[in-house]
Every structure is written in structure tokens, then in C-alpha cells.
Amino acid sequence: MTTTPSFDLYSLGPGRLVPGAPLVVYIEGDGYAWISRNRISDDPTPRRLLVLELALADPRPNVVYLARPCQYVRGSQFRNCQPAYWDTAGYAPEVIEAFNVAIDRFARKVGASQVFYVGYSGGGAVATLVAARRSDTAGLITVAGVLDHETWTKLDGLGPLRYSLNPADETARVVNVPQLHFSGGRDRVVPSAVARAYAARYPRGRRPAIEVLDSYDHECCWAEGWRDLISRPLPRPGEP
């Protein structure tokens, strides 16, 4: 558990410690945020450990898993856990600052001067927003990432995330960061149009790479093919 001024974030790692090697941070998705379209959950803890599966499949040292606020916590650690933090305020400034504090601590622990991010679904939004605020960001990967929540909510007929920062508004801060954004061709939760809308906010010739895997959906089959997907070098914006 990592305590920050606003939240206690459930965390794991690093399992393989190599002092001075880059820190690799996996950020959880929105989890079990809604019981149904009209009923919000009282506990956003994910029902499937997909992001943890991805982290465990990553062969790099210094891999850290960070859950989102209010996931996997109980009792006094459930502080400040208002339902807005897995709804309209899921990517609020205080959420992003909590992750920044946690990552600072892990980076100091391993002596890392570079940080790579992997974010899933809503964790892709958090990863991008944190990466945009740090000078040690070395790379960013998202999987079915909510990279433009204005586009996402309009496509899904949802209300606006009025208290959340939008990654698509931060493109100038990460324009030089190597990025790769994966989407599933069968994903109906966060369709590839969301990643494309995010990429369209960049200048021509500087747009980040998007890869759509036709047979994948929001959960299948990221864990099975993950090691192969992350084995390639990260392209810089504008590279094919």
C-alpha cells in the first residue's frame, strides 16, 4: 500500500529490483465502477486481474503495479472514497497528483531516472496525464485507453466527466514521448475511435502510433499476447 495525501493506493512491486534501471509502472483501469448502466458500484475493485497479469508477464526489472483510488482497500484506507472518483472525477487533478507522489517514491526506491508507463482502459488516461507532468517520462503504452474522454462519453452516450482532466488536452506535453496505443477491433467499451481522436490532436507528422488488433476486444486477448506486443521498440511520434 502506498499512502499519498489524498488516497491510499494499492501497489505491488517491484518484483525484480535492479538499481538504476528504468521504472515500469502499470496502472489499473476503472475497475467495477458500475453495476449497471444506471447504478454505480460501491466498490470499484476490478473483478479480473488483467492489468496485474500484464505486469507479471513483463520481463523487465522494476515493474510496479498501481491500482486506482479506492480499489482493493478497506476500512481507514478507504478514505476520501466518494463514488465520483470512479465516475466523473476518475481523472481529477488530485487523482493524478496521488499517482505522481507514489511514482516518486518508487523511482527513488530503485534509483530510476526514467519511467515507462502502461495504462489499461481508464488507467490509460491516468498514465498519460501523469506522464505529461513528469520530466523523467521515457515511454507510454496504453491498452484500450480512454485517451480522449470527451470522445468516449459521446460515443457511449454517457454524461461528461466534468471533474476529470482529459489526456487529449495534454498532447503538447507528451509530443516528444515515444508512445504506442493498442486498441481491440472488437472493443465496444473503448473503441479505437477514442485513440484516433487523441492522435488527431497532434500536429501532422508527430502523431503517436496506434495499433488496432482486429480479433481483440476490451479484455481478450491482451494477457495471452502481451510479451510479444511489448517486445518491440517504442516508436517515436510520427514513425510508422
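1. Buried means under 20% relative accessible area, exposed means over 50%, and partly exposed lies in between. Those cut-offs sort the cysteines discussed below. Note that the model is predicted.

2. Start with the total. The count comes to 2 disulfides. A disulfide is a covalent bond between the sulfur atoms of two cysteines. With bonded cysteines counted along the chain, the pattern reads 1-2, 3-4.

3. Take C70 and C81. A disulfide joins them, with an S to S distance of 2.2 Å. The link of C70 and C81 is left-handed, at -100 degrees about the S-S bond. C70 and C81 both lie in the loop between β7 (63-66) and α2 (93-110), so this pair ties together parts that are 11 residues apart in sequence.

4. Are C70 and C81 buried or exposed? C70 has 0% relative accessibility, so it counts as buried. C81 has a relative accessible area of 10%; under the 20% cut-off, C81 is therefore buried too.

5. Now the other link. C220 and C221 form a disulfide. Their sulfur atoms are 1.9 Å apart.

6. Where do C220 and C221 fall on the accessibility scale? C220 has 30% relative accessibility and counts as partly exposed. C221 has a relative accessible area of 22%. Partly exposed covers the range between the buried and exposed cut-offs, so C221 is partly exposed as well.

7. To sum up by pair: C70 is buried and C81 is buried, whereas C220 is partly exposed and C221 is partly exposed.

Note on methods
Residues are numbered from 1 along each chain as its sequence is written. This is a predicted model: local features need pLDDT of at least 70, side-chain atom pairs count only at pLDDT 80 or more; totals for chains, interfaces and linings use all residues. Side-chain values use heavy atoms; hydrogens and water are left out. A disulfide is a pair of cysteine sulfur atoms within 2.5 Å. Helices (H or I, at least four residues) and strands (E, at least two) are DSSP runs, numbered from the N terminus. Buried means under 20% relative accessible area, exposed over 50%, partly exposed in between (1.4 Å probe, protein chains only).
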